[in-house]
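Dear colleague,

I am handing over the structure we spoke about, and below it you will find what turned up when I went through it. Please keep the sequence and the 3D view open beside you as you read.

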Amino acid sequence: MNEATIVALATAPGRSALGIVRASGPLCRQLALRLLGCEPLQPRRASTRLLAQNGRAVDRVVATFWEAPDTPTGEDLLEITAHGSPEILRDILQAAIDAGARPAAPGEFTRRAFINGRLDLPQARAVADLIAARGAAARTAALTRLEGGLSRALEDVRAPILDLLARIEVRLDHPEEDLPALPEGEASAAMERCASVLERLLSGYERGRARREGARIGLFGLPNAGKSSLFNALLGRARAITASAPGTTRDVLEEQAELGGHAVTLVDTAGLREDASDPAEREGVARAERALESCAVAVLVLDAARAPDADAARARETVAAAAARAGARLVVALNKIDLLGGTSGPQTEAGVPCSALTGDGLSALEAAIAAAAGASPRDEGESLLDDASQRDALAGALEELRAARSEIAARPGTWEDRAADRLRRALAHLSQAAGENPSEAVLDQIFSRFCIGK
């Protein structure tokens, strides 16, 4: 257990209704006594007290004390809820420091939870992911990891490998014993089952990363197709200037949004046209074409009320070709169906009927964009693996498992020695993915991403 008692603001800086100051460590009882000037607090029971600093009243607060080891950090923990004035919270922090606590480093509360066995390293990583998550799906994925989903999946692989390795090594260590040989088919099948779990985790990594970071979704098409209106409608607010005259948008606009529960970055672009005469408009068209290269999904916005013509055909061809070169998915939005006097219908080969003006069909368009961005169908693996170092470790474990199976095929009857070595290496990779015995440098790198107070 750490000897130092740490203290930090556990709520966001700024003025608010309430603010929380959190302390963790062996001095929490003394802090409560000195700051609140009362008998020791009863564990797990909130108490209203007048908090003072050097004999001067600071605020009437609600204080709660938790006794180690059954606390989030594994140490004595004190939380003081005060009115959310920055001045009041600053005075409370200073009073705690004057009483013997020290300011917490970024992520130090979670780091202590890891050191004291309250969280494993994948769960500790998930704390930062949950705080930073954009979109409902990313929050759900981070919460799944925080609840131990990845740790359980890794154990589901490690346990059968350990069992298999033990059965192999007992024969290798005691050749004088007349022990029955391990059936090669049984060993190969066990390795294949473990490899399948790893493959599922790894296959979901890219989708999970895109969901966490937010796919870039670009709106492209001819001038006056309603791209900016659709951009505003998907955002739910008027971010881009719209007008009936074509060519209103001259630059590339980017905004974070949530579509179908998934975090995305929406990109509005200038209308694509070959006959742009104004230098600013020509630059806007060039920027729109460059923006296509960085988008995971290109949404071609067409005016459903406009008769198909050569310009529309060229725009479709341009966007489709650029999307193909960039490896992006293409979604066609048939905008302005309100001008046709009808309502939206199901998605067709031509595109998704919708209206930025009335909102008709926008839910279907959001679903189509989310599907194109790889948000569905859902895969358990994409909720569990999101860290590049963990991905590399699991890829190494998978490679060793495949090599161990190859030994069975290549050396019938004499495969056990070399396969055992491969299985040991696979277990080492799994331990690395699980964050076992990490160096101080690794811990510093992980917890430096956290905010102070978490």
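In this predicted model, six strands form an open sheet with mixed pairing, and their order across the sheet is 3-4-5-2-1-6. Strand 3 (47–53) and strand 6 (102–103) are the edge strands, each of them pairing on one side only. Strand 3 pairs with strand 4 (residues 56–66) in the antiparallel sense, over seven bridges, and Leu51 has Asp59 in strand 4 as its bridge partner.

Helix 1 (residues 28–36) lies across strand 2 (16–24), strand 3, strand 4 and strand 5 (77–84), and it runs at about 75° to strand 3. Helix 3 (residues 108–115), in turn, lies across strand 1 (6–9), strand 2 and strand 6, running at about 135° to strand 1.

Is Ser228 buried or exposed? Its relative accessibility is 9%, and because buried means under 20%, Ser228 counts as buried. The side chain of Ser228 also makes a polar contact of 2.6 Å with the side chain of Asp268.

Helix 9 packs against helix 12 (residues 362–372) at an angle of about 85°, with the axes 11 Å apart, so the two helices are roughly perpendicular. Helix 9 contributes Leu230, Ala233 and Leu234 to the contact, while helix 12 contributes Leu362, Leu365, Glu366 and Ile369. By class, six of these residues are nonpolar, none is polar and one is charged.

Best wishes

How values were computed
Residues are numbered from 1 along each chain as its sequence is written. This is a predicted model: local features need pLDDT of at least 70, side-chain atom pairs count only at pLDDT 80 or more; totals for chains, interfaces and linings use all residues. Side-chain values use heavy atoms; hydrogens and water are left out. Two strands pair if DSSP finds at least two bridges between them. Helices (H or I, at least four residues) and strands (E, at least two) are DSSP runs, numbered from the N terminus. Contact means heavy atoms within 4.5 Å. Axes are lines fitted to C-alpha atoms, for helices over the stretch in contact, and angles run from 0 to 180 degrees between N-to-C directions. Buried means under 20% relative accessible area, exposed over 50%, partly exposed in between (1.4 Å probe, protein chains only). A polar contact is a pair of N or O atoms within 3.5 Å; within protein, one must be able to donate a hydrogen and the other to accept it, and residues adjacent in sequence count only if both atoms are side-chain atoms. Angles under 35 degrees count as roughly parallel, over 145 as roughly antiparallel, 65 to 115 as roughly perpendicular and the rest as oblique. Ala, Val, Leu, Ile, Met, Phe, Trp, Tyr, Cys and Pro count as nonpolar, Asp, Glu, Lys and Arg as charged, and the others, Gly among them, as polar.
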